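Please consult the sequence and the coordinates alongside the text.

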Amino acid sequence: TISKVAVEGLATALRQEFMMLDSSMHVIVINPGAHGTNLLHTSIHAFFSDHIDRGSLWTPALKRARDFAQRYMTRNARDPDCVAQTVAHALLSRRPKNRYLVNTSWDMWFMRWTPQWVIDWGMRFAL
């Protein structure tokens, strides 16, 4: 989402500024991927139910998006403990990576390196 992109941009800017200052501070981004939590499942259900129940012009597309999100979560959601382990590893590491990808599905990894127009074209068929 837009907010995640903004946070990653801020992290990159901070990391670069600390590098120019020869600081020992490290800025780390942890991308947690899909994890099965009650908050996630509740928010997916609440968002789509609220918008689908209004009966707008977008209802058919929202239903397809809801089904897509539920299939994705069923296929890819993992135990959130692996995120906690990654955070602990990053904090205790003498030379942490700039970015940690935790439970990133093949779909998300692929989308990271794919031009946006290809993703948009594919989403037309997926939804």
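How many helices and strands does the chain have? The chain has six helices and two strands, where helices (H or I, at least four residues) and strands (E, at least two) are DSSP runs numbered from the N terminus. This is a predicted model, in which local features need pLDDT of at least 70 and side-chain atom pairs count only at pLDDT 80 or more, while totals for chains, interfaces and linings use all residues. Residues are numbered from 1 along each chain as its sequence is written, and side-chain values use heavy atoms, with hydrogens and water left out.

**Overall architecture**

- Read from the N terminus, the order of elements is α-β-α-α-α-β-α-α.
- The chain is more spread out than a compact globule, because its radius of gyration is 18 Å, well over the 14 Å that the globule rule gives for 127 residues. The radius is taken over C-alpha atoms, and the rule is 2.2 Å times the number of residues to the power 0.38.
- The C-alpha trace spans about 55 × 30 × 25 Å along its principal axes.
- Of the contacts in the chain with a separation of 6 or more, 70% are made by residues 24 or more positions apart; a contact means heavy atoms within 4.5 Å.

**Surface and charge**

- Of the 127 residues, 20% count as buried. Buried means under 20% relative accessible area, exposed means over 50%, and partly exposed lies in between (1.4 Å probe, protein chains only).
- The chain exposes about 9,800 Å², of which carbon and sulfur atoms supply 63%. These areas come from the Shrake-Rupley method with a 1.4 Å probe.
- There are 15 positive and 10 negative side chains, and the centres of the two sets lie 5 Å apart. Lys and Arg count as positive and Asp and Glu as negative, without His or the chain ends; each charge is placed at NZ of Lys, CZ of Arg, CG of Asp or CD of Glu.

**Salt bridges**

- The chain has two salt bridges, each defined by a side-chain nitrogen of Lys or Arg within 4 Å of a carboxyl oxygen of Asp or Glu.
- One of them joins the side chains of R99 and E8, at 2.8 Å from N to O. This pair links distant parts of the chain, with R99 in strand β2 (residues 99-101) and E8 in helix α1 (residues 2-20), 91 residues apart.
- R99 counts as partly exposed at 24% relative accessibility, and E8 counts as partly exposed at 22%.
- D67 forms a salt bridge with R66, with the closest N and O atoms 3.3 Å apart. D67 is partly exposed with a relative accessible area of 31%, and R66 is partly exposed with 24%.

**Individual residues**

- T86 is found in helix α4 (residues 81-92) and counts as buried at 17% relative accessibility. Leaving aside residues up to four places away in sequence, T86 touches I30, Y100 and V102.
- V7 lies in helix α1 and counts as exposed at 55% relative accessibility. The C-alpha atoms of V7 and V29 are separated by 8.8 Å, and these residues are 22 apart along the chain.
- D22 sits in the loop between α1 and β1 (29-31) and is exposed, with a relative accessible area of 72%.
- The phi of D22 is near 55 degrees, a positive value in a residue other than glycine. Most residues other than glycine have a negative phi.
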